[in-house]
Amino acid sequence: MGSKSNRSRRYTEEFKRDAVALVRSSGRTVTEVAPELEVSAEGLRNWVRQDQVDRGQGVPGELTTAEREELRRLRRQNREQAETIEVLRKAAVFFAKESDR
């Protein structure tokens, strides 16, 4: 029994592209290719599915990688703006109390 870490491994985009290309070009299934690359079949399957979406061959409504990245960026920006608004609101309350004195 091999010792596997419970920690998720990160793979480069190049590795993922090559793995997807291998599945697509070899005619073999994801479950056949995954052990050879020492990745989980589910992970490789997700990479292949995302590649299909990015090529415009996915289910309508699925987000491309670029759309996912933009959504992540916009959510982060929204969170930062909400924090800024909260600081400004607290400052306004503080200064309103100061001017009442």
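Tutor: Angles under 35 degrees count as roughly parallel, over 145 as roughly antiparallel, 65 to 115 as roughly perpendicular and the rest as oblique. The model is predicted, so local features need pLDDT of at least 70 and side-chain atom pairs pLDDT 80 or more, while totals for chains, interfaces and linings use all residues. Residues are numbered from 1 along each chain, and side-chain values use heavy atoms, without hydrogens and water.

Student: Why are helix 2 and helix 3 called roughly perpendicular?

Tutor: The axes of helix 2 (residues 30-37) and helix 3 cross at roughly 115 degrees and come within 9 Å. Axes are lines fitted to C-alpha atoms over the stretch in contact, with angles from 0 to 180 degrees between N-to-C directions. Helix 2 and helix 3 are therefore roughly perpendicular to each other.

Student: Which residues of helix 2 and helix 3 meet?

Tutor: With contact meaning heavy atoms within 4.5 Å, Val30, Thr31, Val33 and Ala34 in helix 2 meet Ala41, Leu44, Arg45 and Val48 in helix 3. This contact has six nonpolar, one polar and one charged residues. Ala, Val, Leu, Ile, Met, Phe, Trp, Tyr, Cys and Pro count as nonpolar, Asp, Glu, Lys and Arg as charged, and the others, Gly among them, as polar.

Student: What classes make up the lining of the second largest pocket?

Tutor: The residues of that lining divide into two nonpolar, three polar and six charged. Among them are Glu13, Val20, Trp47 and Asp54. Helix 3 gives the most to this lining, with five residues.

Key
On a 1 Å grid over the protein atoms alone, a cavity is a set of points where a 1.4 Å probe fits but cannot get out, and a pocket is an open set with protein on both sides within 12 Å along at least five of seven lines; lining residues have an atom within 4 Å of a point. Helices (H or I, at least four residues) and strands (E, at least two) are DSSP runs, numbered from the N terminus.
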